[in-house]
Amino acid sequence: MTRTLVFAHRGANREAAENTRSAFDRALVYPVDGIETDIQLSRDGVAVLWHDRFLNKLGRPGKRIDDFDYAELQAMDFAAHFAHAEKPEGVMSLREFLVAYRTRCRLLLEVKNRKWEQPARHEAKVRQTLELVGAVMDDSILVSSFDLNSLICAHHCAPQFPLVLNLEPEHSADFARGVLTDQPFLHGLCVHIDTLDEAMAGVLRECGKRIAVYTCNSDEEINRALTLGVDILISDVPQKALQIRDR
């Protein structure tokens with residue numbers, strides 16, 4: 001990478017319902033360098049794109065993705081919560097997403113492994129993601145997670161695959177140094193914008209790792225990320241990030 005790459009957070013999520021084909025297509029109009037999305041499993045084990053813990057946005061409070069089979073999720077309208085949705089959209093599977101977008105831009109796939117899930121489902125989610133992506137010889141597709149054990153599992157399954165650990169806002173530069181020392185297989189870290197500073201960037205550069213940052217929306221946040229030379233800038237307003245970067 002020779003410059004900061006701008007990734008659309010769940011697609012152009014302020015112009016269309018997040019993690020839908022409409023949001024991804026709108027993001028590519030700008031055009032963004034990449035798309036970030038979220039992976040969960042349906043009850044019958046199909047990898048689908050959804051971020052939230054619950055389906056409250058779909059009028060199903062307290063219900064989760066894994067309470068429904070894939071066919072049932074397809075019948076729901078995942079765009080209904082967006083005020084200006086142009087058409088109903090069922091859940092998008094990871095398989096569909098990869099077919100549609102892997103040749104059009106870079107991808108960052110966040111595996112959402114939750115504490116309530118059985119470890120077997122964590123592993124199934126990781127394995128299915130890696131199997132669907134297949135061999136990757138560069139960093140055009142990255143897999144990330146907040147769950148370190150999921151990434152350790154992924155590394156055992158595919159030792160050469162580029163894996164990124166997402167850090168929580170409370171994680172410091174010292175924490176980053178410790179995890180990179182203990183887990184040298186990590187391709188990089190995705191840090192919260194509130195903790196991105198010279199110390200954090202310095203640790204990653206010193207360790208020779210990639211730096212991604214979420215979620216940069218204000219002018220100040222975008223400029224800070226660009227000034228510190230991050231590799232990937234994730235934004236809800238990718239058009240603004242592209243404008244600031246390119247000027």
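Modeller: A crossing of two helices is right-handed if the near helix is turned clockwise from the far one by less than a right angle, and left-handed if anticlockwise. This is a predicted model, in which local features need pLDDT of at least 70 and side-chain atom pairs count only at pLDDT 80 or more, while totals for chains, interfaces and linings use all residues. Residues are numbered from 1 along each chain as its sequence is written, and side-chain values use heavy atoms, with hydrogens and water left out.

Biologist: Is the crossing in which H6 passes H7 left-handed or right-handed?

Modeller: Helices (H or I, at least four residues) and strands (E, at least two) are DSSP runs, numbered from the N terminus, and here H6 covers residues 173–182 and H7 residues 198–206. Their axes, which are lines fitted to C-alpha atoms over the stretch in contact, with angles running from 0 to 180 degrees between N-to-C directions, come within 8 Å of each other. The crossing of H6 past H7 is right-handed.

Biologist: Are H6 and H7 roughly parallel or roughly antiparallel to each other, and which residues of H7 make the contact?

Modeller: The axes cross at roughly 15°, and angles under 35 degrees count as roughly parallel, over 145 as roughly antiparallel, 65 to 115 as roughly perpendicular and the rest as oblique. H6 and H7 are therefore roughly parallel. Contact means heavy atoms within 4.5 Å, and H6 provides Ala173, Ala176, Arg177 and Leu180, which meet, on H7, Ala199, Met200, Val203, Leu204 and Glu206.

Biologist: Why is strand E1 largely enclosed by the rest of the structure, and how many of its residues are buried?

Modeller: Buried means under 20% relative accessible area, exposed over 50% and partly exposed in between, with a 1.4 Å probe and protein chains only. Both faces of E1 are covered, with Leu5, Phe7 and His9 buried on one side and Val6 and Ala8 buried on the other. E1 is largely enclosed because the number of its residues that are buried is 5 of the 5.

Biologist: What is the handedness of the β-α-β unit made by E1, H1 and E2?

Modeller: A crossover is right-handed if, with the strands pointing away from the viewer, the path from the first strand over the helix to the second runs clockwise. The unit of E1, H1 and E2 is right-handed.

Biologist: Which helix does the chain pass through between E4 and E5?

Modeller: E4 (residues 106–111) has 5 of its 6 residues buried, so this strand is largely enclosed by the rest of the structure. It pairs in the parallel sense with E2 over 6 bridges, where Asp38 stands opposite Glu110, and also in the parallel sense with E5 over 4 bridges, where Leu109 stands opposite Val143. The chain crosses from E4 to E5 in a right-handed β-α-β crossover, and the helix on the way is H4.

Biologist: What is the C-alpha to C-alpha separation of Val48 and Leu94 in space?

Modeller: Val48 belongs to strand E3 (residues 47–49) and is buried, with a relative accessible area of 0%. Beyond four places in sequence, the residues that Val48 touches include Asp38, Tyr70, Ser93 and Leu94. Val48 and Leu94 are 46 residues apart in sequence, yet their C-alpha atoms are separated in space by 5.2 Å.

Biologist: What is the relative accessible area of Ser93?

Modeller: Ser93 lies in the loop between H2 and H3, and, leaving aside residues up to four places away in sequence, it touches Val46, Ala47, Val48, Leu49 and Tyr70. Ser93 is buried, with a relative accessible area of 5%.

Biologist: What is omega for the cis peptide bond that joins Tyr30 and Pro31?

Modeller: Most residues other than glycine have a negative phi, and most peptide bonds are trans. The bond from Tyr214 to Thr215 is cis, with omega near -25°, and Thr215 sits in the loop between E8 and H8. Pro31 is in the loop between H1 and E2, and its cis bond from Tyr30 has an omega of about -5°.

Biologist: What is the phi of Arg10?

Modeller: Arg10 is in the loop between E1 and H1, and it is buried with a relative accessible area of 12%. Asn19 lies in the loop between E1 and H1 and is buried at 3%, with a positive phi of about 60° although it is not a glycine. For Arg10, phi is likewise positive in a residue other than glycine, near 60°.

Notes: Pairing = 2+ DSSP bridges.
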